[in-house]
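Open the model in your viewer and keep the sequence panel beside it. The stops below say what to select next and what is there.

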Amino acid sequence: MRPLTPRKILGVCGVLFAVLFVVVVVSLRMGAYPISVRDIVMTLFNGVAGRREQIPSEFWLVVFGLRLPRIALGILVGAALSTAGAGFQALLRNPLADPYVLGVSSGAALGAIVSLVIAPHVPGLIQIAAFAGAAATIAAVYFLGRRGGQLDSPTLLLAGIVSASFLSAIIMFLMTTLSGRDLRGMAFWLMGDLSSPAAIDLRWLYFILLVVLGSIYTTSSDLNLILTGEQEARHLGVNVNRVKLVVYIGASLLTGLAVSVSGAIGYVGLLVPHVMRMLFGTDYRLLIPASALGGAIAIVIADTLARTVVAPTELPVGAMTALAGAPVFIYLMRRKVR
Amino acid sequence: MNVTAGSGAASGSQMGPLAAGPRPRLKVEQVSYAYAATDRSAPKFTLGPVSFEAQQRELIAILGPNASGKSTLLKLLGGVVKPLSGRVEIDGTEVGGLDLRTRAQKIALVQQESELLFPLRVWEYVLQGRYPYGKRLRFESDEDCLMAGNALAQVGADELRDRWMEQLSGGEKQRVILARALAQQPSLLLLDEPTQHLDIGGKVELLRRLRNLADENRYTVVVVTHELNLAAEFSDRIVLLQKGKCLRIGAPGEVYQRDLLEEVFEAPLEVETRTSGRPRVILRGSH
Amino acid sequence: MKIGHGPATVIGRRGILDARTAESQETCPGWSKLTLFARKSVAMSLAILARLFCFGARDFVGERLRRGWRRRAIFLCAAFCCAALNCATSGAMGDESYAKQQSSTTPASPSAPPAARPNASGKSAPATIVTDETGRRVAIPADVKRVVTLAPDLTETIYMLGLEDKLAGDTDYCDTPAAAKLKPHVGGPQNPNLEAIVALHPDLVLATTSINRSETVDALAKVGVAVYTANPHTVRGMLASTKRIAELIGAGDRGAELVAQSQARLDAISMRLADVPLVHVLFVVWENPLITIGQNTFIADALRCAGAESVILAKQNWPQISFEEVVRLEPDYIVFSSSHTGFGAQELAALRTKAGWKDLRAVELGHIAVVSEEVDRPSPGLVDAIEQLARQLHPDVFAPAENRKALLENGKVKMKNGNAPRRDAESLAGAAL
């Protein structure tokens, strides 16, 4: 009896893809601009077929200019954060690890603040600066978290937490001493906001996402073994140091990517892997794609709710993920059958 | 099962590298090791030099008081740390030169286990032992399942197959861990104090099982243990260490001398010889 | 963005940014080292990514491609996703199409069949390219019929220009004048709903740097909506901005008239105050913690127009100060804005009893000025607030005859004598509110 076959993985992914598709279609329907499902479908078909002239430009605008990019961004961010969360939970051997525990989001926030201070109205600079801040934090925490030249999980965790606190303190200092007008946007950025378009073309971001996701996925067998114990994994032939490095860099890059385009959306990276674990087991060969798809679904649902629940006001996505995620998690936890 | 170079049932009571005969499965030649607190300070601990050989079907026990270097020796045998001098060879190849996967195919090392983070079934746990065979991102093949099933049968844990790891008792868990090691199809089985958390029944059962595995399935087993009497009962040879020095290597009857044991363990001990010819250690003055 | 060398380089941005320029010059680091570092780290991260990819994907890809049907399935899925993604992300280029669509008839029911609607290649009204106050280039149609404002002060400006018929929508917080509350809302100034804005079919959207986020403006611009961002820093700048906006919407005459009137009033005040020394005030934005205004804020400029100056010289816009500073600096007047706590006579009396406050000379003498919340808002209505403030801060200069008359009517002694009884503050407050 084989526990996990590629067929099962493809099957689960297929189901999750279908759910994602349905969620995307529903999300396309909802919004402040009145447009019927029929018109949405016509717009989509004509758009895919290349017949742009046949669609009223305002429909095109709403579907392809406003809603779809936002949904696409949401999928990107959800997949990135959940996979990063799953990766960190294995790397740090801690079920409470989320993508921000190593200070990546604080570094990104600091980068964003610095860019707001120096050049507030340059379009897209805030995202590039945020990613730069995240990358710098990744490097710094890596060097702090080494022990004997290798990544040591408890040391890494400590280094990350310390960095996060330190960076948050700097951020607080900057926010109180600097011009309040410029930093008004920071509050939204910190809460997580999907309404701003990405500075870089989404296609490049997706490419990076898929590359990094693929790299992390190739270590999934190793992660299964590492979860039973690092020493045991070494004795079984796993190159633990290399795997840890790949997962660390990959997961941190994904976090930095997500945070720089959408701010720090919380709870997704922590809850989605756990929910997927409850539904599909702890095998990382299935968990990684399941988390990615599950995270995408979660963010799209949360974002749809965020922009329609109290229309026309938009709530921050991070608030919705917390509100919606925690009860789901509690429900699944109580229902868990051993 | 692997067919090893050394065939035949050598009795294994020879000492030293000069013994002629089939190539030994495990060969330890003047292995020494030292580590220091920092690079520049004097070594805090030195081990060795140690030399011995082991054939298949042999069970060797490494004994000694605490901090005598038993675990370090085991790690040297397993290739986890590189010796300062000397060589460790398995089936004629130096252990240090093997890449991780090949080493895992030949040597299975069972140490103190870590805590499991997430629930895992026994079957999945044992299947992880098949990792050294196959590519990096791998899915278990039918052969893997067959081997894992064999491993479970060898330790007599077939009925535990679908249980959760956390629900197992100490003895059952030890058997499952052993099964995972056996699933690696190793030539050499190394165990670091496997009887630590078991009750006396569990200890006996484990060592008896190891003995069976050595005899019937032709493994070479090296066990680090504190159990003097069980080691005497089940092992072919004993390696006695004290403070990093190898004091004696030989059959239990040869190594268990009262003066030697008293000096090493710093306890009032008596050695009796039982009818089977194997010695037994008891506390002096406990009549 | 221009990157130069040396500490005194301004980060390139076109626009009317005097005070802002001064600020940014202070905070510029040495750029040359940073760019080198940036280049190195980008190269390093690319190298890591490449290594990651190659290291990870080698076995995986090799094994996968050997199995026939799976390869095809994966290829199909990937192709489908790429196609979908392509459509999703390329749809953002809606510039010309949106503007052209706007030139056609007023919005009919959106569910009319596509064939009947004028398509994107229809005639387009001539649009002028304008540079707004943040340096952005905006294409504004010549005939602006529908305007959406994203800030309360802009809404007020529109009403003062008499253009409320063209106002298609405003924010939830636009409440001056009261009629603005009845217009369709698009959300808050910080987080407006983009679709709601688009649904109102605006020809022009007005934003301001004092409240709106640049991300909102970016998002609207990317979708092809014309957004003009005002960037008022001084009172006169605000007036110029108002005039420009009026021209863009096609009410140039009314705009010039309003601006000329406001300018005349301001000139009258400054003429009167020509020889009068500036009054030192503390403008209280928030009491606890004590927050006041910085040198570069709009309010500071309004104070200057009213012949006053903040005792606190700070570069931050909303500095939090300790009470000791206030005691040390001994302002002549303390100014409150009535939007915050709805200041009334009771609050003033309460202030008298508060520890610390009651010992201030200004409080003792009753030199408390309360001004309407207009002072926070860069719109032409600010001029009223400036006049009001000037009257309170320089009671002897401004229409002393009327003031004296009011005081005499209430049986109070006028301030000029110097021994003003305590109740004067209350009368001032009453006059202000």
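A residue counts as buried if 20 or more other C-beta atoms lie within 10 Å of its own, and as exposed if 12 or fewer do. By that rule, 40% of the 433 residues of chain C count as buried. Keep in mind throughout that this is a predicted model.

**Stop 1: chain C as a whole**

Colour chain C by secondary structure. Chain C has 17 helices and ten strands. Among its contacts with a separation of 6 or more, 57% are between residues 24 or more positions apart.

**Stop 2: the largest nonpolar core**

Select Val205(C), Val281(C), Ala302(C) and Ile386(C). Of the 207 residues in the largest nonpolar core, these four touch the most other members. Domain 2 (124–262) and domain 3 (277–432) of chain C both contribute residues, so the core lies between them.

Which residues does Val205(C) touch, leaving aside those up to four places away in sequence? Val205(C) is in contact with Val148(C), Leu150(C), Ile197(C), Leu220(C), Val225(C), Ala226(C) and Val227(C). Next, show Tyr33(B), Leu63(B), Val155(B) and Leu160(B), which are included in a second, separate core of 72 residues. In soluble globular proteins, nonpolar side chains tend to be buried together.

**Stop 3: a parallel sheet in chain C**

Select strands E7, E8, E9 and E10 of chain C. They form an open sheet with parallel pairing, in the order E8-E7-E9-E10.

Zoom in on E7 (residues 279–284) and E9 (residues 333–337) of chain C, which run parallel and are joined by four bridges. Phe283(C) stands opposite Val335(C) of E9(C).

Helix H10 of chain C, residues 298–305, lies across E7 and E8 of chain C and runs at about 150 degrees to E8(C). Helix H15 of chain C, residues 382–393, lies across E7, E8, E9 and E10 of chain C, at about 170 degrees to E10(C).

**Stop 4: antiparallel strands in chain B**

Select strand E1 of chain B, residues 26–36. Five bridges pair it with strand E4 (residues 85–90) of chain B in the antiparallel sense, and Val28(B) has Val88(B) as its bridge partner in E4(B). E1(B) also pairs with strand E2 (residues 43–54) of chain B, again antiparallel, over eight bridges. There, Val31(B) stands opposite Val50(B) of E2(B).

**Stop 5: two loop residues in chain B**

Select Ala67(B), in the loop between strand E3 (59–63) and helix H1 (70–78) of chain B. Ala67(B) has a positive phi of about 60 degrees although it is not a glycine. Is this residue exposed or partly exposed? Ala67(B) is partly exposed, with 13 other C-beta atoms within 10 Å.

Then go to Glu266(B), in the loop between helix H9 (258–265) and strand E11 (269–273) of chain B. Glu266(B) is not a glycine, yet has a positive phi of about 50 degrees. Glu266(B) is exposed, with 10 other C-beta atoms within 10 Å.

**Stop 6: confidence in chain A**

Colour chain A by pLDDT. The mean is 86, and 96% of the residues of chain A reach 70 or more. Within chain A, confidence is lowest in helix H7 (residues 184–191), at a mean of 72, and highest in helix H13 (residues 284–308), at 93.

Terms used
Residues numbered from 1 in each chain as written. Chains lettered and ligands numbered in written order. Predicted model: local features only at pLDDT ≥ 70, side-chain atom pairs only at ≥ 80, totals over all residues. Core = buried A, V, L, I, M, F, W, Y, C linked by C-beta atoms within 7 Å. Domains from an automatic or database assignment. Contact = placed C-beta atoms within 7 Å. Pairing = 2+ DSSP bridges. Axes fitted to C-alpha atoms, helices over the stretch in contact; angles between N-to-C directions. pLDDT = per-residue confidence, 0-100.
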